[in-house]
Amino acid sequence: MANRIDADGYPLAFKVKQGALSKDFKHKLQGEEIIQVEARQMFTHQKEAITTEGNKGDVWRLPSDEGLHLNGTDLAPFPLGFFNAGIQGDLFHLIHQLACNENIAIDAINIELSNHYWLTGSFILGTGEGHAEPTKILIKLKSSAPKETLIKLVNQALKLSPAIQFLQNKLVNSFALYINGRRRPTIGLIECDGENAIDPFLSHSKAPTPVDENDHQLLTKLAIKEDGEIKLAPKTIEGKMLRNVLGKGAWKKGDHYAEIDTWLEMPGTTHFAYKTDVGGHGEAPSGLSLLSTGISFCFMTQLARYVEGMKMDIHGIRLVQISPYQMNNGVGNASPIQTHLFLNGNAPEETHTQLLEIAERTCYLHASASTPLKPEVTILVE
């Protein structure tokens, strides 16, 4: 299999398998959907995920990279951008679907969303720790419906959104560790219940290929950069290292997807655009798929940075991440994440075990999961 995300000449992201539509979850807004992400580390900070939406649902190939500030190649979206786009995507879909279910006409939806993170400590010393702050969300609606009706509709969507519940509830996640093909105990973390996961190396012997080679551009590197020059991220932090992730999304009446631009608020960083499903038509990944995939990518970045910084004899980083989401009786929920991590190499077993714990502690998105933070939401109606 190729070791670069652009080696096969396919679009950055594409549908791998056409699945059955989960009408109860995506249209009736009831039930449970489990997003499974199978991801692998590729060249430097490039990563590839095969993301499956629910039982026998659509399957997507989604790639990630880091910018030049982390010695990435900047070819694909950074992990935190996926998470930002995923929250927006979930809201776009739910606002639209609730409006359809209640016969409320909406001409356009625009969302501006910012996530705020900070890091303390040292990667070199293994004392790094990721932190998250409340997400800020601005939702704008264009509609002839009464303002009070539209505000009520958006508040329903916020209450129903599993992505919003992910932000404002505390999740106690669990982990499993496999070293050179054998499951080993975790230390300092909750162990996953149930059966072992299958190593993605075994379940995917061939590179993914598109269902439709004329797939629309689901992920796009934009010709937009933040002003200034890139500076390498320090390995040891004095005080706080801030990371602000910004995103703007738009949907208009008649479209089956929203388009979202995300970027890291740092000099010289690149903007990336996503398409995400609106209306449950399956033409683009769901918001929850983007969100879940972003979590796995962020976790893998922390692993790769520490392995690189400490020159560990560890390679072949892969994981299987299981993220269950529910919607019932007008209320959404995000259940704890299960992460099965596969590591390979000649480093001592305790080094592999320590690496898992360090990655969990430094991952911004696992910090978001474990820290209940109610988003700050503003609603505007035109």
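## Surface, fold and helix α3

The accessible surface of the protein is about 15900 Å² (Shrake-Rupley method, 1.4 Å probe), and carbon and sulfur atoms contribute 51% of that surface. The model is predicted, so local features need pLDDT of at least 70 and side-chain atom pairs pLDDT 80 or more, while totals for chains, interfaces and linings use all residues. Residues are numbered from 1 along each chain as its sequence is written, and side-chain values use heavy atoms, without hydrogens and water.

Of the 382 residues in the protein, 58% are buried, that is, under 20% relative accessible area with a 1.4 Å probe, counting protein chains only. The fold has eight helices and 17 strands, taken as DSSP runs (H or I, at least four residues; E, at least two) and numbered from the N terminus. The radius of gyration of the protein is 20 Å, close to the 21 Å of the globule rule for 382 residues, so the protein is as compact as a globular protein of that length. That radius is taken over C-alpha atoms, and the rule is 2.2 Å times the number of residues to the power 0.38. Along the principal axes, the C-alpha atoms fill a box of roughly 65 × 45 × 40 Å.

Helix α3 spans residues 147-160 and reaches 20 Å from its first C-alpha to its last. Its buried residues are L150, L153, V154, A157, L158 and L160.

Definitions and conventions. Buried means under 20% relative accessible area, exposed over 50%, partly exposed in between (1.4 Å probe, protein chains only). The expected span of a helix is 1.5 Å times one less than its number of residues.
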